[in-house]
Amino acid sequence: MDGCQETGDHVATRQDELRREQRVVDDRYARLDALRAQARARLADVRRAGPSGSPQNRSERDSFATLYEDRLAQLEAVEDRLVFGRLDLQTDSTIYVGRLGLTDDQHASVLTDWRAPAAQAFYRATSAHPDGVARRRHLVTRRRTVTGVEDELLDLDAPADESTLSGEGALLAALSTGRTSQMGDIVATIQAEQDAIIRSGLDGVLVVQGGPGTGKTAVALHRAAYLLYAHRRTLERSGVLLVGPSSSFLRYIDQVLPSLGETGVVSTTVGDLLPGVRATGSDSAEATRVKGLAIMARVVRRAVRRRERVPAHDQAVRVEGHDVVVRRRDVRDAIARARRTQKPHNEARRTFVREMLQRLADQVSDQLGERIEGDDRSILLDDLRHSHDIRVALNLAWLPMSPEWLLEDLYAKPGRLEELAPELRESERRALLRPRGSAWSDADVPLLDEAAELLGVDDQVARDARRVEDAERAARVEYAREMLRSTGAGDGIVDAETVADRFSAGGSHLTTAERAAQDRSWTYGHVVVDEAQELSAMAWRMLARRCPTRSFTVVGDVAQTSSPAGTRDWRAALEPPLGRSVRVKELTVNYRTPRSVADAAQRVARAAGLPVSALTSARDVDGALETVQVGTPDETVTVAVRRLEDAAQTFLEDDGTGRVAVIATAETLTRIELALDDLDPSAAVTAARAGTDPQIVLLTPEAAKGLEFDAVVVVEPATITARRSGDSDLYVALTRPTQRLVVIHADVLPPGIEPSS
Ligand SMILES: Nc1ncnc2c1ncn2[C@@H]1O[C@H](COP(=O)(O)OP(=O)(O)OP(=O)(O)O)[C@@H](O)[C@H]1O
């Protein structure tokens, strides 16, 4: 940032610059205020019109009201750091870069959206490749006041250094601010290697591998916002799906996209992805692993096929005075015919039943010695269809099933598993056994989805409804286009599609995101997966079905895998379900953790044999890493509480910023909880642990995944590494702090934490 010790002249120049930039920033905020006032006035007009007029008029008014409310919310969301950059081009022109694009009264651009092609040089230009830029300036603002400017001159004579951080002052300031329970955006300080990923093309599978703190989550979210901007036509209708590891993680990141002006993304966990299924149960590690194996797709397929079978004997049945026989030969032919339709099981069953009823009707005809036609034949077919015995016989040959029924049946019977899953070992099959009626787990959801795909349940209704809605929507878009043209109401920012989506009769219309989230067969235009190393082969199959165009952004770190069904090899995990278009990019700079902490964590992870990505750290912090040896396990607990008190005092602010975490195994955390009650901690600590948004949290390594805190106290690493996937868990735990890591231990430390070891 601009220097602290300056000569008199320099100070004068700096003050002049700040004043000049303040005028520009004031002007852009004035424009923003004017747009807000305009949206408010339009909203008030619409509301003033009251509930009169035809239903069509009322519906349009409601739609406009919602449109202006959304527009207002979008304009409110960009208040913070509206303008953050300036590019002086070699052509002597200047552009300002900000959170959204603004034009003046004459429709001339006065602020360039960070996602626009013209803004790319702000993130990418270097002295070696200046990209038409003479000077890049970062504007540092507090509320609406410009508090600093930071310049980089990109002339060809300057020494080229590709690895230099861009806007270093602004970046380092961002990295050392106190954390909150919500992740912030990085739009003002995106680095070149991150920008290249954010703006990478929509097609194919882009994997972003990087160590902890390299900005994978931040990049994934900014990429979603970028793609929605650059490919709005393609993605607005189909939507973008964001898959995260847990609902607490999704809460942590859920402000980032709105702050970038985007709300149309469906975010979910794999466990919540199947409409109508709530995964509240849990599995053993072995059951999780086995349920995630790709083999399970075959097992589910066999379980479906098993219910399309020829009976052992012909069966005689009496219907309304006629004797007919459900013949094996007929069943075999009808099954073959139904399978030829290539429809899912429940849908193909209609063909099977129709075929069988016709054959049974033919038997009655033959018995009577005359052809039964017309209404008589319909009545006969109805009689046959409603005969209890025939229904039972046909169900035995082709049973209609729900995914839930199929999976419960599979898990409930050892013999069934042995027949359908011969590839699994006896112990693996045992891990799957459970009584009917048990709660579903996260690992069951991809299996239920696989079954739903093969069975073809409940999709038809949704598909029919969608077809009707699409046709209606096309008419609404046309109307909205005409209306926007005649009123100029869209400000050039809102398009006819958005307005049209508000024009639905009765206000029952759902947004793309809402419709998508309710429909199992919805296919998205793009899927972003975070902490993707945790996903099983079956989960990838489920996601692949959600995006037939295979347009994916997959971010994660194969050294942090903790799920027994997760992966340590991207290509092995992704090529089978998603094809060969997998491109892997690496992020190499750690922005979160102080260098001394990151280096220690890397040494520990390497010593444990994890596939650690190379990492350099953007900064260090004095005294960031401390290890504290105590004599007994009881002492680890009391010292942890004391250290927590210290950290709270140092890092927690009254304004609600600052976050501190204790990370340990669940057993250790229980003991710390008890000690916290017994040791009568300070009022500040008690207050910081209370409420819905606590500043102090106690977490297991799994729960801490993806999150970050100003200070972290890790208690007894040996108990963490003793568990399955414990080395990865410890790597996660050690890499959560932005300022300070305290490691408390009575047992020996894993090799590598201290530089000397
Ligand atoms: N260019 C940047 N400017 C400012 N802050 C950044 C930048 N890149 C990353 N950060 C910050 O670094 C921290 C780590 O980022 P993020 O959580 O995205 O990392 P990650 O790679 O997903 O980490 P993990 O593997 O541990 O989940 C966040 O606070 C993020 O805001």
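1. Let's start in the middle of the protein. The largest nonpolar core holds 115 residues, and those with the most contacts inside it are A224, V240, A451, V527, V529 and V554. The largest share of this core, 9 residues, comes from helix α6. A nonpolar core here is a set of buried Ala, Val, Leu, Ile, Met, Phe, Trp, Tyr and Cys residues joined through C-beta atoms within 7 Å.

2. A word on what you are looking at. This is a predicted model, in which local features need pLDDT of at least 70 and side-chain atom pairs count only at pLDDT 80 or more, while totals for chains, interfaces and linings use all residues. Residues are numbered from 1 along each chain as its sequence is written.

3. Now the overall picture. The chain has 31 helices and 21 strands; these are DSSP runs numbered from the N terminus, with helices being H or I of at least four residues and strands being E of at least two. Of the 757 residues, 41% are buried. Buried means that 20 or more other C-beta atoms lie within 10 Å of the residue's own, exposed means 12 or fewer, and partly exposed is in between, with C-beta atoms placed from the backbone. Among contacts between residues at least 6 apart in sequence, 75% join residues at least 24 apart. A contact needs the two C-beta atoms, placed from the backbone, to lie within 7 Å.

4. The domains come next. The assignment gives domain 1 (5–176), domain 2 (200–274 + 520–590), domain 3 (285–455) and domain 4 (595–745); such bounds come from an automatic or database domain assignment. How many Å separate the centres of domain 3 and domain 4? Taken over C-alpha atoms, the separation is 54 Å.

5. Leaving aside neighbours within four places in sequence, V240 is in contact with A224, L227, L228, L235, V265, Y524, G525, H526 and V528.

6. Which residues are closest to the ligand? They are P212, G215, K216, T217 and Y591, out of 23 that surround it. To count as near, a residue's C-beta atom, placed from the backbone, must lie within 6 Å. Helices α4 (168–175) and α6 (216–230) each supply at least two residues of this shell. By class, the shell has 8 nonpolar, 11 polar and 4 charged residues. Ala, Val, Leu, Ile, Met, Phe, Trp, Tyr, Cys and Pro count as nonpolar, Asp, Glu, Lys and Arg as charged, and the others, Gly among them, as polar.

7. There is a database record to compare. In an unreviewed entry, UniProt lists G210, G211, P212, G213, T214, G215, K216 and T217 for "binding site". Its positions are given in the numbering used here, feature names are shortened, and annotations may be inferred rather than shown by experiment.

8. Take two of those listed residues. G210 is found in strand β7 (residues 205–210) and counts as buried because it has 24 C-beta neighbours inside 10 Å. Beyond four places in sequence, G210 is in contact with K216, D557, E586, L587, T588 and S613. T217 sits in helix α6, and its 24 C-beta neighbours inside 10 Å make it buried too. Not counting residues up to four places away, T217 touches M183, I253, D530, V555 and G706.

9. Is P611 buried or partly exposed? P611 has 13 C-beta neighbours inside 10 Å, so it counts as partly exposed. This proline lies in the loop between α25 (595–607) and β16 (616–617). P611 and D557 are 54 residues apart along the chain, yet their C-alpha atoms are separated by 9.0 Å. Leaving aside neighbours within four places in sequence, P611 is in contact with V558, A559 and R568.

10. Finally, two backbone angles to check. Most residues other than glycine have a negative phi. R81 has a positive phi near 50°; it is in the loop between α2 (55–77) and β1 (83–89), and it counts as buried because 20 C-beta neighbours lie inside 10 Å. D92 also has a positive phi, of about 75°. D92 is in the loop between β1 and β2 (94–98), and with 7 C-beta neighbours inside 10 Å it counts as exposed.
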